[in-house]
Protein chains: 2
Amino acid sequence: MKKWINENVVLIVGLGLMGGSYARGLKKLGYRVNAIDSNPDSIEYALSQGWIDAGTDAPTKEFIGQADAVIFALYPKKLMEWIEQYQDAFQPGIYISDVTGIKGSIVYDIQKNLRKDVEYIPAHPIAGREKSGVQYADPSVFHDANYIITPTEQNTKEAVRWCEQLARLLGFRTVTVMSPEEHDEMIGYVSQLTHCIAVSLMTCKDIEHLCDYTGDSFRDLTRIANINDEMWSELFLMNKEALLCQMEGFIREITDLKEMIANEEKEEIRKKMRLSTKRREAFDR
Amino acid sequence: MKKWINENVVLIVGLGLMGGSYARGLKKLGYRVNAIDSNPDSIEYALSQGWIDAGTDAPTKEFIGQADAVIFALYPKKLMEWIEQYQDAFQPGIYISDVTGIKGSIVYDIQKNLRKDVEYIPAHPIAGREKSGVQYADPSVFHDANYIITPTEQNTKEAVRWCEQLARLLGFRTVTVMSPEEHDEMIGYVSQLTHCIAVSLMTCKDIEHLCDYTGDSFRDLTRIANINDEMWSELFLMNKEALLCQMEGFIREITDLKEMIANEEKEEIRKKMRLSTKRREAFDR
């Protein structure tokens, strides 16, 4: 399969918030959508909503072999295990892709261990919600969002184009191609560090009736403190070096600001604020 | 004046975002609203919008003397200077209040230097926007927001009740009474620390085309990185000790989390995430 053709069967592996959002989005576009999830309730729910055409918690070779393309929405380690266990069932010549939030620590391993007649093109949709579970699936989270493709030297131009087209079909606004390493540094900053900050802000002080004293700023900064601990702890540890580097940079910066306040260096503080204002205005749409 | 009576003349001193929002809110409620601002354009704009009944950038004794109540929406130092310069013009027996975001470093000084026949009852509405200027004034920011009154031993119960009634009239949801010191600790945490975090997150790394890689989490955490440097640097320095203490607590906490990640203490990381999730859910409305 080298193009997205409406008759294609797309298999979603992992039917949670993201997998479910892909399923709903692709179904709406006219594709036949099959799904696999270890939880039969998730499959049943998606079937009852008409979000998938068929699904199972016990995939057969035949079921997997129907797929003209596969999108993985599993946690990183499960993704690698799944491919190892089931790759023999893939139709020859298909593309497979994913939604995983870390790249360097999985992409090369997967490509090395994958059958040579199947191409894995790694992708990361920068979209989501602070809820988990297929019941919260909603393809509108992709609208106007960012999408990153992280090919290696093993990937073909055709697969990159195919993956970009998937993103466009689903409504993503900006599609960027970069290396797995660049991705991990970037995501360590814009996503993982922000989650570390939100969690730390929420846990550093215990206040009764907190909601009686907060304004929008505190609510905004802690929205993502409501966090899926299983998924995010795995993502943090699988991107450990890049994340630690970003955390160090941030801790250095806020410690600098603290010193400026301690020394009452008003002009320096204002300079920093003007820089943050300028940068925030520039990227705000 | 011991009650909010519709015929009352309320004087707003400082017609920016907050002063303007008070003016619009009070005007809608039927009060006569006068305003003073050093910028004649702000006065002219509010007059043209019908948000105030009269205004001036050069207040006379007579103009100030019309007020049955005064709300100050000035930066802290200007507030103290203004009262010192103009307090002789106040009508005897009135209440004056404010919107200042720090309390301990101004409240006692103002009360000490104020005429004994005028009562200053300190207040802090936890509301605002990341924009400044009267043109962004909007009393709907008060709807469902929090309001803190910080009386001292000098204040009467009547003044506290009067101030609470003002908050209720303007649509605030929760009104809390606490000491200036408790206020400053709380605000150091929920407001000032969050602004320090947002600024530091925005300034700690310089990335071209940043908006092509960000998701909602980064956008939420940096919304307030667009900051009024004049006002916030003054607020930070006037609440220096309390803010430094909150910054230290947060830096300690995120450094702990960094160590856990470095040491791959997955269970400890997950425990912290579950705590942050529980706390965030509890205060989320």
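Where in chain B is B:Leu74 found? B:Leu74 sits in the loop between β4 (69–72) and α4 (76–86) of chain B. The legends below walk through this spot and several others in a predicted model.

**Figure 1. Chain A as a whole.** Let us start with an overview before zooming in. Chain A is built from 11 helices and nine strands. Its radius of gyration is 21 Å, close to the 19 Å that the globule rule gives for 285 residues, so chain A is as compact as a globular protein of that length. Along the principal axes, the C-alpha trace of chain A spans about 70 × 45 × 30 Å. Of the 285 residues in this chain, 61% count as buried. Among contacts in chain A between residues at least 6 apart in sequence, 68% join residues at least 24 apart. The accessible surface of chain A comes to about 11,700 Å², and 46% of that surface belongs to carbon and sulfur atoms.

Figure 2. Leaving aside neighbours within four places in sequence, B:Leu74 is in contact with B:Val13, B:Gly14, B:Leu79, B:Trp82 and B:Thr100. B:Leu15 is another residue to look for here: B:Leu74 and B:Leu15 are 59 residues apart in sequence, yet 8.2 Å apart in space, C-alpha to C-alpha.

**Figure 3. Phe250 of both chains in the nonpolar core.** The largest nonpolar core has 130 residues, and of these A:Phe250 and B:Phe250 touch the most other members. Which residues does B:Phe250 touch, not counting those up to four places away in sequence? From chain A they are A:Ile197, A:Ser200, A:Leu201, A:Cys204, A:Phe250 and A:Ile254, and from chain B they are B:Leu193 and B:Ile197.

**Figure 4. A:Thr222 and its partners from two chains.** A:Thr222 has its place in helix α8 (residues 216–222) of chain A. This threonine, A:Thr222, is buried, with a relative accessible area of 0%. Not counting residues up to four places away in sequence, A:Thr222 touches A:Ala198, A:Leu201 and A:Met202, along with B:Arg280 and B:Phe283 from the other chain.

**Figure 5. Helix α9 of chain A.** Eight of the 10 residues of helix α9 (residues 229–238) of chain A are buried, so this helix is largely enclosed by the rest of the structure. The buried residues of α9(A) are A:Asp229, A:Trp232, A:Ser233, A:Glu234, A:Leu235, A:Phe236, A:Leu237 and A:Met238. Within chain A, these buried residues pack against α4 (76–86), α5 (104–113), α7 (180–203) and α10 (240–262). Chain B joins in too, through its α10 and α11.

**Figure 6. Two loop residues of chain B with positive phi.** Most residues other than glycine have a negative phi. B:His209 has a phi near 55 degrees, a positive value in a residue other than glycine. B:His209 is found in the loop between α7 (180–203) and α8 (216–222) of chain B, and is exposed, with a relative accessible area of 52%. For B:Glu264, phi is near 55 degrees, again positive in a residue other than glycine. B:Glu264 lies in the loop between α10 (240–262) and α11 (266–283) of chain B. At 46% relative accessibility, B:Glu264 counts as partly exposed.

Conventions
Residues numbered from 1 in each chain as written. Chains lettered and ligands numbered in written order. Predicted model: local features only at pLDDT ≥ 70, side-chain atom pairs only at ≥ 80, totals over all residues. Heavy atoms only, no water. Helix = DSSP H or I, 4+ residues; strand = E, 2+ residues; numbered from the N terminus. Rg over C-alpha atoms; globule rule 2.2 N^0.38 Å. Buried < 20%, exposed > 50% of the residue type's maximum accessible area, 1.4 Å probe, protein only. Contact = heavy atoms within 4.5 Å. Areas by Shrake-Rupley, 256 points an atom, 1.4 Å probe, with all protein chains shown as cover. Core = buried A, V, L, I, M, F, W, Y, C linked by side-chain atoms within 4.5 Å.
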